[in-house]
Amino acid sequence: MTEQRQGAACWLLNVRLETGYRYEDDVVTGTETAIFHVKIENGVFAEIRPGQDLPETTLPVRDLGQGLMLPAFRDMHIHLDKTYYGGPWKAPSIPTKGIVSRLEEEERLLPELLPVARERAEGLLELLIRFGSTQIRSHCNVDPVIGLRNLEATMQAVEHYKDKASVEIVAFPQHGLLRSQSTALVRESLRNGASIVGGVDPATLDENMEKSLETVMELAAYANADIDLHLHEPGVVGMKTFRHLADLTEQAGWQGRVTLSHALALADVSSAEAAEMASRLSELGISIASSVSLGRTIPIPLLKRHGVSVSLGQDSIMDHWSPFGTGDNLAKAGTLAERFGLSDERSLGQTLGFITGGITPLDGNGQWAWPKVGDAANAVIVEASCSAEAVARRPERKAVLHRGKWVYEA
């Protein structure tokens with residue numbers, strides 16, 4: 001490994017960056033780009049020079065050959081701890097009793113997978129990094145069957161990859177916080193490496209929505225932790241859950257610290273109801289993580305218009321819940337754009353924000369937004385002319401940087 005790839009100061013030469021939109025009669029018709037030279041130092045972008053101003057330097061240099069630099073991606077919903085990825089192909093069984101069948105299957109399957117849990121978690125991390133995701137949120141099973149053993153395996157994998165990605169772990173009582181009597185285990189996991197309180201379907205799985213959500217909030221207050229709940233519940237039931245959680249968030253002062261994963265009830269209600277709920281979520285800083293489910297796709301553009309922060313994630317990758325998932329969040333952004341007809345230059349480019357924490361090279365008005373001097377040097381290099389093409393065409397990742405370090409090269 002060269003000195004440059006270890007994260008030392010260096011210059012990136014001939015980097016393509018976006019500089020603005022092209023217009024015809026006030027309509028965006030394309031994206032302007034130019035070539036720059038970018039200095040990285042102490043894990044941040046330290047200097048950005050126009051292409052004609054070649055630096056005279058003794059630092060290591062790397063010529064990126066006019067490759068396009070984009071903000072590094074974020075996968076904000078994945079399960080590193082239970083996957084077939086890295087092992088023999090196996091499609092899921094057909095459930096006979098819905099989610100209960102899956103939970104019964106887990107009681108047998110997770111102990112069987114435990115000996116390879118760390119190895120497969122590392123394989124998934126490698127896959128995500130290769131596709132450009134260097135900030136990752138993983139839900140990790142915590143239940144009476146597996147105890148904290150999956151958490152331990154996941155933490156070992158995360159520690160091994162700490163220089164390549166930033167990973168946060170959600171203590172996830174998959175079998176129901178109340179149903180599986182996992183409150184004490186979640187509390188213990190928050191003392192032993194997990195940093196976020198999880199939960200799942202408080203009305204239909206725990207069968208006591210109010211008590212389940214109140215217990216989640218008590219755990220969050222105990223550990224001063226954020227919250228991220230799996231919410232698959234339909235229509236009226238799900239919306240009632242959202243409202244109660246919003247009230248608890250306001251009462252506890254937990255604004256900006258709650259995420260609704262999936263939030264599928266929003267796909268079942270009218271646009272007016274979804275908009276009303278979106279306004280409430282935005283007011284409280286409650287965010288949403290979506291896998292862009294094709295069967296019940298929540299109205300993501302509507303949520304964004306009302307100020308809700310929406311992030312994308314892979315969710316399952318080749319496990320007993322689903323055989324799908326590629327690890328490529330840029331492809332996930334492309335699926336989102338296709339699903340909602342976001343096909344013009346500006347809309348495609350701005351779709352990138354769903355996988356970068358809202359960071360896009362240009363803001364909605366076409367002004368330079370990234371990178372700026374002082375920004376963390378987290379980036380992906382692709383063969384594309386602009387963000388819009390990258391979202392639409394899903395080009396190969398040429399290189400990935402995390403805090404100024406080269407963590408992947410094609």
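Trainee: What makes the crossing of α3 and α4 right-handed?
Mentor: The rule looks at how the near helix is turned from the far one by less than a right angle: anticlockwise is left-handed, clockwise is right-handed. α3 passes α4 in a right-handed crossing. Bear in mind that this is a predicted model, where local features need pLDDT of at least 70, side-chain atom pairs count only at pLDDT 80 or more, and totals for chains, interfaces and linings use all residues. Residues are numbered from 1 along each chain as its sequence is written, and side-chain values use heavy atoms, with hydrogens and water left out.

Trainee: Why is α3 called roughly parallel to α4?
Mentor: Their axes come within 10 Å and cross at roughly 25 degrees. Angles under 35 degrees count as roughly parallel, over 145 as roughly antiparallel, 65 to 115 as roughly perpendicular and the rest as oblique, so α3 is roughly parallel to α4.

Trainee: What makes the E106 and K82 pair a salt bridge?
Mentor: A salt bridge needs a side-chain nitrogen of Lys or Arg within 4 Å of a carboxyl oxygen of Asp or Glu. The side chains of E106 and K82 meet at 2.6 Å, N to O. E106 sits in helix α1 and K82 in the loop between β6 and α1, 24 residues apart.

Trainee: And how do you know whether E106 is buried or exposed?
Mentor: Buried means under 20% relative accessible area, exposed over 50%, partly exposed in between (1.4 Å probe, protein chains only). E106 has 0%, so E106 counts as buried. K82 has 2%, so K82 is buried too.

Notes. Axes are lines fitted to C-alpha atoms, for helices over the stretch in contact, and angles run from 0 to 180 degrees between N-to-C directions. Helices (H or I, at least four residues) and strands (E, at least two) are DSSP runs, numbered from the N terminus.
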